[in-house]
Amino acid sequence: MERRRPPPRTDPARSAIITIRRAEQGDAAAIAAVHQASRAATMPYLPPQRRSHGEVTYWIREIVLPESHTLVAVQGEEILGYAAVRGELLDQLYLRPDVRRTGIGSRLLGAAREHSPDGLTLHVFQLNVAARAFYAHHGFRVVGTDDGSGNMENLPALTLRWTPEPAAR
């Protein structure tokens with residue numbers, strides 16, 4: 001007699017459609033949680049976080065949201081990642097660690113490109129090999145280096161730039 005396996009369980013929240021939308025003030029705490037979790041999981045070379053969740057939430061609500069075009073990737077009610085663009089500077093792009101390598105980062109980057117169609121610049125730690133590979137895959141090129149004296153972590157960084165290809169004539 002053949003044993004029948006039950007159908008795989010699916011989490012209804014996980015099967016919901018992922019949308020990209022403009023961040024709202026009420027998203028600040030969830031964005032801060034994504035920011036802190038992502039940095040802790042993907043950048044183990046950073047010193048321990050000195051800022052509390054409340055301090056990061058304040059920074060997101062009072063600085064990032066008012067000064068940036070901030071987008072969130074949302075599934076159901078959950079914020080999975082965010083991107084913040086100021087002019088042509090992609091200042092932030094962070095994902096929850098459990099949703100990395102699912103295409104959400106690419107979707108956020110695509111939305112950031114739509115907002116800044118003439119190009120984007122960003123800064124990335126030289127040690128952040130995964131982020132560097134992600135951006136290289138999406139057409140970013142190194143346009144500058146620094147010794148880390150200009151960032152609070154004092155880590156060498158790269159400046160990357162994406163410029164769209166000229167339209168074929």
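The following legends describe an overview and close-up views of a predicted model.

**Figure 1. Overall make-up of the protein chain.** The protein chain contains four helices and seven strands. Read from the N terminus, these elements follow the order β-α-α-β-β-β-α-β-α-β-β. The chain has 169 residues, of which 41% count as buried. Among contacts between residues at least 6 apart in sequence, 63% join residues at least 24 apart.

**Figure 2. Packing of helix 1 against helix 2.** Helix 1 (residues 28-42) and helix 2 (residues 53-67) pack at an angle of about 115°, and their axes lie 8 Å apart. Angles of 65 to 115 degrees count as roughly perpendicular, and the two helices are therefore described as roughly perpendicular to each other. The crossing of helix 1 and helix 2 is right-handed. On the side of helix 1, the contact is made by Ala-28, Ala-29, Ile-31, Ala-32, Ala-33, His-35 and Gln-36. Helix 2 contributes His-53, Val-56, Thr-57, Trp-59, Ile-60, Arg-61 and Leu-65. By class, the residues in the contact of helix 1 with helix 2 comprise nine nonpolar, four polar and one charged.

Figure 3. Arg-39 is located in helix 1, which spans residues 28-42. The relative accessibility of Arg-39 is 17%. Because buried means under 20% relative accessible area, Arg-39 counts as buried. A polar contact of 2.7 Å links the side chain of Arg-39 to the side chain of Glu-153. When neighbours within four places in sequence are left aside, the residues in contact with Arg-39 are Leu-46, Gln-49, Tyr-94 and Glu-153.

**Figure 4. The loop position of Arg-101.** Arg-101 lies in the loop that runs between strand 4 (89-95) and helix 3 (104-115). Its phi is near 65°, a positive value in a residue other than glycine. With a relative accessible area of 74%, Arg-101 is exposed, since the exposed class begins over 50%.

**Figure 5. The loop position of Asn-154.** The loop between strand 6 (141-146) and strand 7 (157-162) holds Asn-154. Although Asn-154 is not a glycine, it has a positive phi of about 55°. The relative accessible area of Asn-154 is 53%, and the residue is exposed.

Methods: Residues are numbered from 1 along each chain as its sequence is written. This is a predicted model: local features need pLDDT of at least 70, side-chain atom pairs count only at pLDDT 80 or more; totals for chains, interfaces and linings use all residues. Side-chain values use heavy atoms; hydrogens and water are left out. Buried means under 20% relative accessible area, exposed over 50%, partly exposed in between (1.4 Å probe, protein chains only). A polar contact is a pair of N or O atoms within 3.5 Å; within protein, one must be able to donate a hydrogen and the other to accept it, and residues adjacent in sequence count only if both atoms are side-chain atoms. Contact means heavy atoms within 4.5 Å. Axes are lines fitted to C-alpha atoms, for helices over the stretch in contact, and angles run from 0 to 180 degrees between N-to-C directions. Angles under 35 degrees count as roughly parallel, over 145 as roughly antiparallel, 65 to 115 as roughly perpendicular and the rest as oblique. A crossing is left-handed if the near helix is turned anticlockwise from the far one by less than a right angle, and right-handed if clockwise. Ala, Val, Leu, Ile, Met, Phe, Trp, Tyr, Cys and Pro count as nonpolar, Asp, Glu, Lys and Arg as charged, and the others, Gly among them, as polar.
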